Amino acid sequence: MSSSTAIGIDIGGTGIKGAVVDLSTGALLSPRVKLPTPKGGRPQDIIETTRQLLATVSSGTSDLPIGVCFPAVVKHGHTMSAANVSDKWIGLAAERLFEKGLGVPIHFVNDADAAGYAESQFGAARDVDGVVLLTTLGTGIGTALINDGELVPNTELGHLEIDGVDYETRAAFSAKERDNLSWEKWAARLQKYYSRLEALFTPDLFIVGGGVSKHHEDFLPLLHLDTRIIPAVHRNNAGILGAAALAVKYAPVTA
Ligand code: BGC
């Protein structure tokens with residue numbers, strides 16, 4: 001298979017998902033496999049589940065580039081934070097540990113960065129010039145900053161402090177559920193959040209991802225911003241697509 005095919009794996013708080021991706025179109029070339037994230041989210045357990053998933057996804061294909069995305073700051077292959085996962089990940093040489101456990105090289109990135117890159121290649125930010133800010137509203141808030149198609153990794157703007165608190169604890173979708181908020185009440189929190197982002201970055205476009213973005217008609221029209229704000233195109237598959245695409249973009253060149 002050509003380098004326009006790769007495997008993407010998206011590790012989340014509840015599930016680990018993966019598939020083979022056609023990078024010329026962004027289509028999945030295999031069924032999407034999903035396994036539950038092991039309780040506690042400890043490194044060795046997650047690596048073992050990822051190994052099982054990869055064995056299913058890659059059956060019949062070999063030597064494809066593999067991208068893995070994860071909900072933490074990822075710097076030079078190390079996981080540097082753990083907002084919604086076991087704190088055993090902090091400071092871990094995660095990329096190396098995955099490679100050891102899986103027996104193959106991988107490219108390891110932050111989950112929101114993967115989703116943002118997927119939107120810039122195959123989705124809502126395709127061919128959009130300037131500054132695009134993707135936010136994923138889920139358990140936490142993930143962010144990806146893209147300028148003229150180039151990703152600036154690890155922005156972590158979900159943790160902006162507003163009203164004296166880490167604002168993902170108020171504006172993530174999990175906060176809507178926890179506090180039993182109506183769309184209107186939740187939108188008031190989102191308004192504060194996106195207004196702050198707008199003031200800091202003056203983006204050309206906001207993209208809203210995460211599972212809740214399929215209900216975008218219930219909350220995006222309630223927001224008043226100067227910047228256009230639109231739902232992501234790829235919700236469940238964005239991490240898979242972006243991780244696969246980044247694995248190829250950053251694959252070591254072999255002679
Ligand atoms: C983490 C980010 C992650 C986001 C979405 C945040 O709590 O700090 O690294 O991208 O959740 O999963």
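## Strand β9 and its partners

Let's start with a pair of residues: in this predicted model, L133 has F206 of strand β14 as its bridge partner. That pairing belongs to a set of 5 bridges that join β9 to β14, and the two strands run parallel.

Then there's strand β10. Here β9 (residues 131–137) and β10 (residues 141–147) run antiparallel, with 7 bridges joining them. One spot to look at is L134, which stands opposite A144 in β10. The two strands form a hairpin, and 3 residues sit between them. How many residues of β9 are buried? The count is 6 of its 7, so the strand is mostly covered.

## The whole sheet

In what order do the strands of the open sheet line up? Reading across, you get β11-β10-β9-β14-β15, which makes 5 strands with mixed pairing. As a general point, strands of a sheet pair through backbone hydrogen bonds, either parallel or antiparallel.

At the edges you'll find β11 (150–152) and β15 (228–231). Each of these has a single partner strand, so one side of each is left without a neighbour in the sheet. On average, neighbouring strands are turned by 25° against each other, if you ignore direction.

## Helix α3, between sheet and helix contacts

Helix α3 (residues 111–122) packs on this sheet, and you can see it touching β9, β10, β11 and β14 (205–209). Its direction makes about 45° with that of β10.

Helix α3 also has a helix to meet. Its axis and that of helix α8 (residues 238–249) come within 7 Å and cross at roughly 80°, which makes α3 roughly perpendicular to α8. On the α3 side, the residues involved are D113, A114, A115, Y117, A118 and F122. They meet A238, G239, L241, G242, A243, A245, L246 and K249 in α8. Sort the residues of this contact by type and you get 10 nonpolar, 2 polar and 2 charged.

## Helices α1 and α2

Another helix pair to look at is α1 (residues 43–57) with α2 (residues 94–102). Their axes come within 9 Å and cross at roughly 50°, which makes α1 oblique to α2. As for its hand, the crossing is right-handed.

Which residues make the contact? From α1 come Q44, I46, I47, T50, R51 and L54, while α2 brings L97, F98, G101 and L102. By type, the contact residues divide into 6 nonpolar, 3 polar and 1 charged.

## A look at F219

Finally, pick out F219, which is found in helix α7 (residues 216–219). Is F219 buried or exposed? With a relative accessible area of 0%, F219 is buried, because buried means under 20%.

What does F219 touch, leaving aside its neighbours within four places in sequence? The contacts are L137, W183, W186, A187, L190, V208, V212 and S213. Two of these names lead back to the sheet: L137 falls in β9 (residues 131–137), and V208 falls in β14 (205–209). M80 is another story: F219 and M80 are 139 residues apart along the chain, and their C-alpha atoms are separated by 33 Å.

Definitions and conventions. Residues numbered from 1 in each chain as written. Predicted model: local features only at pLDDT ≥ 70, side-chain atom pairs only at ≥ 80, totals over all residues. Heavy atoms only, no water. Axes fitted to C-alpha atoms, helices over the stretch in contact; angles between N-to-C directions. Helix = DSSP H or I, 4+ residues; strand = E, 2+ residues; numbered from the N terminus. Parallel < 35°, antiparallel > 145°, perpendicular 65-115°, else oblique. Left-handed = near helix turned anticlockwise from the far one by under 90°. Contact = heavy atoms within 4.5 Å. Nonpolar A, V, L, I, M, F, W, Y, C, P; charged D, E, K, R; others polar. Pairing = 2+ DSSP bridges. Buried < 20%, exposed > 50% of the residue type's maximum accessible area, 1.4 Å probe, protein only.
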